[in-house]
Amino acid sequence: MFTGLIEDAGEVLSADRAAGGLRLGIGTRLAADLKAGESIAVNGVCLTAVSPAPGRFMADVSPATLAVTTLGGLIAGMRVNLERAMPADGRFGGHIVQGHVDGVGEVTALTRDGDHHWLVVDVPPDLAPYLVEKGSLAVDGISLTIARLHASHAGFQIVPHTLAHTNLAAMRPGDRVNVECDIIGKYVVKAVDQAR
């Protein structure tokens with residue numbers, strides 16, 4: 001489990017296709033604390049750390065994961081959001097993020113608003129029932145609060161710290177992002193549907 005509070009914006013060192021999957025090499029200061037087999041979220045996707053070494057780790061991405069996330073579009077030099085799994089005795093600062101991507105959204109705007117920015121993401125329409133204004137949505141693994149909502153168009157006010165310490169500053173309209181809806185919201189929608 002994760003919280004959506006990004007610990008580091010790492011760099012893709014390599015992205016090699018192999019047997020239908022992908023092997024990523026990620027450069028990050030977090031590698032010093034990783035053990036082989038530990039979970040780490042890469043742009044919101046829960047992956048398993050392999051061969052951690054000072055300054056870098058590897059991760060294998062299965063064909064099934066490539067089919068439903070943006071990880072297949074990663075190339076060397078790109079920034080990725082990283083978060084280690086939350087320890088059982090850790091502080092809970094974001095929201096419950098599983099690292100199980102619900103869909104791929106599209107950035108439609110990132111505009112400056114004083115010291116802040118507005119990010120607008122078009123979320124797949126089938127996920128609209130799980131979106132609520134002032135609710136949470138993980139965008140490329142970042143726990144964000146929906147400040148504006150129109151159907152499946154979610155708007156977020158981005159604070160300077162988040163822009164500076166994640167991959168958001170490089171986002172442009174048309175970019176694809178991994179989105180994960182709040183698990184509590186998904187359970188509520190399912191319970192209501194079953195009660196009908």
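Guide: Six strands make a closed barrel here, in the order S1-S2-S5-S4-S3-S6, and their pairing is antiparallel. From one strand to the next, the twist averages 45 degrees, where axes are lines fitted to C-alpha atoms (for helices over the stretch in contact) and angles run from 0 to 180 degrees between N-to-C directions. By the way, this is a predicted model, so local features need pLDDT of at least 70 and side-chain atom pairs pLDDT 80 or more, while totals for chains, interfaces and linings use all residues. Residues are numbered from 1 along each chain as its sequence is written, and side-chain values use heavy atoms, leaving out hydrogens and water.

Visitor: How do you know that S1 and S6 are joined?
Guide: Strands are DSSP runs (E, at least two residues; helices are H or I, at least four), numbered from the N terminus. Two of them pair if DSSP finds at least two bridges between them. Strand S1 (residues 8-18) and strand S6 (residues 79-84) have four bridges, so they count as a pair, running antiparallel. For instance, glycine 10 has valine 80 of S6 as its bridge partner.

Visitor: Why is alanine 19 called exposed?
Guide: Exposed means over 50% relative accessible area, buried under 20%, and partly exposed in between (1.4 Å probe, protein chains only). Alanine 19 has 86%, so it is exposed. This residue sits in the loop between S1 and strand S2 (21-27), and has a positive phi of about 50 degrees without being a glycine.

Visitor: What makes lysine 134 exposed?
Guide: Its relative accessible area is 59%, so the exposed label applies. Lysine 134 isn't a glycine either, yet has a positive phi of about 75 degrees, and lies in the loop between strand S8 (116-122) and strand S9 (136-139).

Visitor: Why is isoleucine 184 called partly exposed?
Guide: At 49%, isoleucine 184 falls in the in-between range, so partly exposed is the label. You'll find isoleucine 184 in helix H3 (residues 183-195).
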